Amino acid sequence: MPSGIPDRRRFLGAMATVGAIAAAGEGGGLKAVTGASEGRWPQLAGSPVLDSLHPVIEHSRDVHTHLDKVVEVANWMAYEDLPMPDYQMPFEAGQGNADDVIDYILTADCVDTAFTDFSTHVKFQVDYAGRHWSDSDGLFACMKRAMDSGIPILDGKFLARVTRPEMEHIFAANIELPMLDEKMEIWRQVGAVLAEKYDGRFHNFVKSCPARLYDNGAGLIDRMVKEFPRFNDVSPYDGATVKIYKLPQLGLWFVYSALRKTGQFPLADVDKMTAFADYIVPVALRLLGVTSYSKELEHAINSYQMIPRDSRQEVELRAHCVYATALLCEEVNKRRPKDQQIIIPQIDARLWTHYHTTSWPHHLTRTIMY
């Protein structure tokens, strides 16, 4: 592949090396960990996402995390190469201009969801720049293709008025981009806010925030979830509000990764990021035996049944993804020297990379949140 066209999989692949694969199983004989019964909670402080998970972890019925397996996996993963990322922009988008990098990544991040047809299970794929791209990489390719043809997709004024025929043209591929109507509405809503308050550009929003994810309601994620409803990734659970924040965290992680070496996007509290709870990382945890499912949930996933958004099962799947990866990161760091400590997104990348193409089925949920 030409060096100027790295995709997200290559980026994440550079953050991890192949390690031992623990045997999958139901976790028989292992301790099912909850914050209440085991008294074990990640020590990471200051993450509203982790702080919101207590009701789910303490009262889960269908998903459980096994501390024994967390420790077992940490015993070998700690000695893998898990470096901080050096993300190069796909297709040379942005050409090193920090403002353009921010605009490109966060505009894509708004619609970076659902790439498999829910009925046929066919993946979204497109050919661009002499290569075949699928899933999220295909989305980025379509956006760069549109930019090449002069479509101003990074401008909020255009996004606020985008039409369905324009969406069909921008994302023309082997199948219609799943949830195209919902994604059109997302771009319209986000574009309207950008046009009204930030001269149409995400980088102006970013510059109006402190260089922190969380800052007493004024941080980047604090404001993203308030000003752009599409990023307010929360779910109800037994009367509590569970915060997952997958896309706002992921978008800012990619911006940080792309600009980290130049210092153009500092984040004082990047260590407050959690895993980006999606479809793939829960599969990795399940196959490693770190988590286990009830027979009912296991059957639903293996038979490709839809797991409704905000259902108990869906919230537990995502909450344990965040919880288990936080514990795993903590255990890995206990085994590494001080100058090789890692943060949770590096664990997320290790799991996502190695299980992104697994044939094991993931849960199916129709949602714009991941």
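1. A crossing of two helices is called left-handed if the near helix is turned anticlockwise from the far one by less than a right angle, and right-handed if it is turned clockwise. By this convention, α12 passes α13 in a right-handed crossing. Helices (H or I, at least four residues) and strands (E, at least two) are DSSP runs, numbered from the N terminus.

2. Basis of the note. The model is predicted: local features require pLDDT of at least 70 and side-chain atom pairs count only at pLDDT 80 or more, whereas totals for chains, interfaces and linings use all residues. Residues are numbered from 1 along each chain as its sequence is written, and side-chain values use heavy atoms, with hydrogens and water left out.

3. Helices α12 and α13. Two packed helices are described by the angle between their axes and the distance between the axes. Here the axes are lines fitted to C-alpha atoms, for helices over the stretch in contact, with angles from 0 to 180 degrees between N-to-C directions. For α12 (residues 220-227) and α13 (residues 246-259), the axes come within 10 Å and cross at roughly 130°. The two helices are therefore oblique to each other; angles under 35 degrees count as roughly parallel, over 145 as roughly antiparallel, 65 to 115 as roughly perpendicular and the rest as oblique. On the α12 side the contact (heavy atoms within 4.5 Å) is made by Leu-220, Ile-221, Met-224 and Val-225, and on the α13 side by Pro-248, Gln-249 and Leu-252. These residues of the contact of α12 with α13 divide into 6 nonpolar, 1 polar and no charged. In this division Ala, Val, Leu, Ile, Met, Phe, Trp, Tyr, Cys and Pro count as nonpolar, Asp, Glu, Lys and Arg as charged, and the others, Gly among them, as polar.

4. Helices α6 and α13. Helix α13 also packs with α6, the axes coming within 9 Å and crossing at roughly 155°. α6 and α13 are therefore roughly antiparallel to each other, and the crossing is right-handed. From α6, the residues Ala-98, Val-101, Ile-102, Ile-105, Leu-106 and Asp-109 meet Leu-247, Pro-248, Leu-250, Gly-251, Leu-252, Phe-254, Val-255, Ala-258 and Leu-259 of α13. The contact of α6 with α13 divides into 13 nonpolar residues, 1 polar and 1 charged.

5. Helices α14 and α16. The axes of α14 (residues 280-287) and α16 come within 9 Å and cross at roughly 65°. That makes α14 roughly perpendicular to α16, and their crossing is left-handed. Val-281, Pro-282 and Leu-285 of α14 meet Leu-317, His-320, Cys-321, Ala-324 and Thr-325 of α16. The residues of this contact divide into 6 nonpolar, 2 polar and no charged.

6. Nonpolar cores. A nonpolar core is a set of buried Ala, Val, Leu, Ile, Met, Phe, Trp, Tyr and Cys residues joined through side-chain atoms within 4.5 Å. Which members of the largest core touch the most others? Of its 111 residues, these are Leu-53, Met-77, Phe-171, Trp-187, Phe-202, Phe-265 and Val-332. Helix α16 (residues 312-334) supplies the largest share of this core, 11 residues. Apart from it lies another core, of 7 residues, including Tyr-293, Ala-300, Ile-307 and Leu-317. Leaving aside residues up to four places away in sequence, Phe-171 touches Phe-124, Leu-139, Cys-142, Met-143, Arg-145, Leu-177, Leu-180 and Trp-187.

7. Ile-347 lies in helix α17 (residues 344-355) and, at 0% relative accessibility, counts as buried; buried means under 20% relative accessible area, exposed over 50%, and partly exposed in between (1.4 Å probe, protein chains only). Not counting residues up to four places away in sequence, Ile-347 touches Met-77, Thr-325, Leu-328, Cys-329, Val-332 and Ile-342. Tyr-104, in helix α6, is buried with a relative accessible area of 1%. Tyr-104 and Phe-140 are 36 residues apart in sequence and 8.8 Å apart, C-alpha to C-alpha.

8. Backbone points to inspect. His-121 has a positive phi of about 65° although it is not a glycine. His-121 sits in the loop between α6 (98-109) and β3 (125-128) and is partly exposed, at 38% relative accessibility. Asp-199, likewise not a glycine, has a positive phi of about 50°. The place of Asp-199 is the loop between α10 (180-197) and α11 (202-207), and Asp-199 is exposed, with a relative accessible area of 57%.
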